[in-house]
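Notebook open, model loaded. I want to go through the charged pairs, then the core, then the overall layout.

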Amino acid sequence: MKIDTLRQGVIKKLGRKDDETMPTQDHIDSEMIPSSISEDYETLIMECFVIMGVANDQIRVSVRPVGVNPAGLDVYAGFVKVVRWDPLVIEMLSRMPMIEKRIDRRVRQSNLLRYSGFSGLWFRSPAGIDEFQNTVH
């Protein structure tokens, strides 16, 4: 009953009539599904790589939970695997600080940090090191 009185006081203060009531929306679900969070991180990270000139067939991005932060939210990490080594990918590796900064900025601008934490990017080493050496030289 106290909440109803408070609500009516706020409505009156806003200049609305007493008989107007605000609709209750108990059916709204504000929680995010964990699988959608990792997919959202993957999309965000891949968009940053595409903007920097890396194609979808050159790298593979996967995001998964890696722990829980002190606030009790799941912490996610992005894992980047180079699928095809070519000069563009090697150039991209030299610009990693810029790409990581862009990804960090995009994560902070999104609503994802309200529901989770992000620990950054991790790179997997290539399966065939010889392939990498042949591409570099």
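Which side chain meets that of Arg106 in a salt bridge? I looked it up: the partner is Glu47, at 2.9 Å from N to O. For the record, I call it a salt bridge when a side-chain nitrogen of Lys or Arg is within 4 Å of a carboxyl oxygen of Asp or Glu.

Before going on, a note on what I have: this is a predicted model, so local features need pLDDT of at least 70 and side-chain atom pairs count only at pLDDT 80 or more, while totals for chains, interfaces and linings use all residues. Residues are numbered from 1 along each chain as its sequence is written, and side-chain values use heavy atoms, with hydrogens and water left out.

**Charged pairs**

Back to Arg106 and Glu47. The pair links distant parts of the chain, with Arg106 in helix H4 and Glu47 in helix H2, 59 residues apart. (Helices and strands here are DSSP runs numbered from the N terminus: H or I over at least four residues for helices, E over at least two for strands.) I checked the cover on both. Arg106 counts as partly exposed at 28% relative accessibility, and Glu47 is partly exposed too, at 37%. My cut-offs are under 20% relative accessible area for buried, over 50% for exposed and partly exposed in between, with a 1.4 Å probe and protein chains only.

How many salt bridges does the structure hold? I get four. One of them joins Arg108 and Asp104, at 3.2 Å from N to O. Both residues lie in helix H4, four residues apart, or about one turn of the helix. Arg108 is exposed at 53%, whereas Asp104 is partly exposed at 36%. Elsewhere, salt bridges with shared partners join Asp57, Arg84 and Asp86 into one network. Within it I looked at Arg84 and Asp86, whose side chains meet at 3.2 Å, N to O. Arg84 is partly exposed at 36%, but Asp86 counts as buried at 15%.

**The core**

Next I turned to the nonpolar side. A nonpolar core, as I use it, is a set of buried Ala, Val, Leu, Ile, Met, Phe, Trp, Tyr and Cys residues joined through side-chain atoms within 4.5 Å. The largest one has 24 residues, and those with the most contacts inside it are Phe49, Ile59, Val61, Met92 and Ile103. Two or more residues come from each of H2 (34-51), S1 (59-68), S2 (74-82), H3 (87-94) and H4 (96-109). Which element gives the most? That is H2, with seven residues.

I followed Met92 by hand. Leaving out residues up to four places away in sequence, Met92 touches Phe49, Val54, Ile59 and Ile99; contact means heavy atoms within 4.5 Å.

**A loop residue**

Is Leu112 buried or exposed? Leu112 is buried, with a relative accessible area of 6%. I find Leu112 in the loop between H4 and strand S3 (117-124). The C-alpha atoms of Leu112 and Asp40 are 8.0 Å apart, though the two are 72 residues apart in sequence.

**Whole chain**

Last, the layout. I count five helices and three strands, running α-α-β-β-α-α-β-α from the N terminus. Of the 137 residues, 26% are buried. Among contacts between residues at least 6 apart in sequence, 60% join residues at least 24 apart. The accessible surface comes to about 9,700 Å², with 54% belonging to carbon and sulfur atoms; the areas come from the Shrake-Rupley method with a 1.4 Å probe, and for residues only the protein chains shown count as cover.
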